[in-house]
Every structure is written in C-alpha cells, then in structure tokens.
Amino acid sequence: MPILKLGDKLGGILIKSGLVNQEQLKKALEIQRGTTRRIGEVLIELGLVSELDIAKALSKQLGIPYVTQASGLLSPPKEEGLETLVPEDFARQHLVLPLSRNFNSLTIACVNPHDLIVMDNLSRLTGCEINPVVTTRADIEPAIGAFYGEDTLLKEAI
C-alpha cells in the first residue's frame, strides 16, 4: 500500500487507499469545476465513496482524529457548560459539537474541518483555540440532538 503523507490532497488519499481510481477522480473534478462543492461531496453523490470514507480520508489528510457516535466520544459531559459556550443554533447550522474544554483550548467534532471561516468564528465566539476532530453528518446530527435536546428548537419555535 502506498505511503500516505500528512497534507496529501483528498483525491490522492482516496486513490492511494484504493477507494477511487484516476478516471473516477478526474470525472468528479470535472463535475466539481465551477461550483463551490467539495470534491468529497461530488464523490459521494456519484456513489464512489461513502461519507465514512471521506471522514477517514480527511482524518488522514489533516492528521486529526476521526470519531464516531458508537465510540462514545460524541457524548460530551453536560456539567462543563459546553452548551452555553457553543450555542445550539451555531452547532446545528455548522454541524459542530463541543467535546471538551481545557483552559483556552476547545475540542470540537465537525464534518468539515476545512471550513476555516467556521473555525475562526467559533474561536471568536468561544475565545478558545479550536482543536477539531472529524466525524460524519450521520454521527454528528444525532449527537447534537442528544446534547442540546431534540426538541429545543421546536419549543423555541412554538
């Protein structure tokens, strides 16, 4: 198996991992061209990779952990005040979940650790250095619901 290096492009990681070939990646890049969509989104839509494949590849690309709901790591403690540090509406809109805080360092789970605007806004909002871990939409959405409460937004709407 080819050696993966930190900072490799996502497409290269997927090729080295045997998940896509050059032609499939080229087709996806052609579809992506001229849009704001990420290459991973296009590859998922084409049915070439899964959301899990993209999350694991991002983890390798960025050298950050990949976490799942099944691991229990997407169940942050309520007694640390994390729900007030990162407001629910921000968490739901940007698919981020605060996991732990250690002094001025906040670890968050997110679907898109490449979104520097969200990371910067989160840093400003919390006053913390942000340490992302990557997860999938399928894992983070129910985790956000469990952490903040499924019906909080519904109660507010009523």
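Residues are numbered from 1 along each chain as its sequence is written, and side-chain values use heavy atoms, with hydrogens and water left out. Because the model is predicted, local features need pLDDT of at least 70 and side-chain atom pairs count only at pLDDT 80 or more, whereas totals for chains, interfaces and linings use all residues.

The protein has nine helices and three strands, taken as DSSP runs numbered from the N terminus (helices: H or I, at least four residues; strands: E, at least two). Along the sequence these elements follow the pattern α-α-α-α-α-α-β-β-α-β-α-α. Of the 158 residues, 36% are buried, that is, under 20% relative accessible area with a 1.4 Å probe and protein chains only (exposed is over 50%, partly exposed in between). Among contacts (heavy atoms within 4.5 Å) between residues at least 6 apart in sequence, 59% join residues at least 24 apart.

The largest nonpolar core contains 26 residues; such a core is a set of buried Ala, Val, Leu, Ile, Met, Phe, Trp, Tyr and Cys residues joined through side-chain atoms within 4.5 Å. Val86, Val96, Leu97, Leu106, Ile108 and Ala109 touch the most other members. Helix 8 supplies the largest share of this core, five residues. Leucine 106, leaving aside neighbours within four places in sequence, is in contact with residues including Leu82, Val86, Pro98, Cys128 and Ile130. A second, separate core of 16 residues includes Leu10, Val42, Leu58 and Val134.

Cysteine 110 is buried at 1% relative accessibility, and cysteine 128 is buried at 2%. The structure holds zero disulfides, a disulfide being a pair of cysteine sulfur atoms within 2.5 Å.

Threonine 136 lies in the loop between strand 3 (129-134) and helix 8 (137-148). This threonine is buried, with a relative accessible area of 4%. Beyond its neighbours within four places in sequence, threonine 136 contacts Glu51, Leu52, Ala55, Tyr66 and Val111.

The largest pocket is lined by 32 residues, of which Arg38, Glu41, Ile54, Leu58 and Asn112 lie nearest its centre. On a 1 Å grid over the protein atoms alone, a pocket is an open set of points where a 1.4 Å probe fits, with protein on both sides within 12 Å along at least five of seven lines; lining residues have an atom within 4 Å of a point. Helix 1 (10-16), helix 2 (22-32), helix 3 (39-45), helix 4 (51-62) and helix 6 each give two or more residues to this lining.
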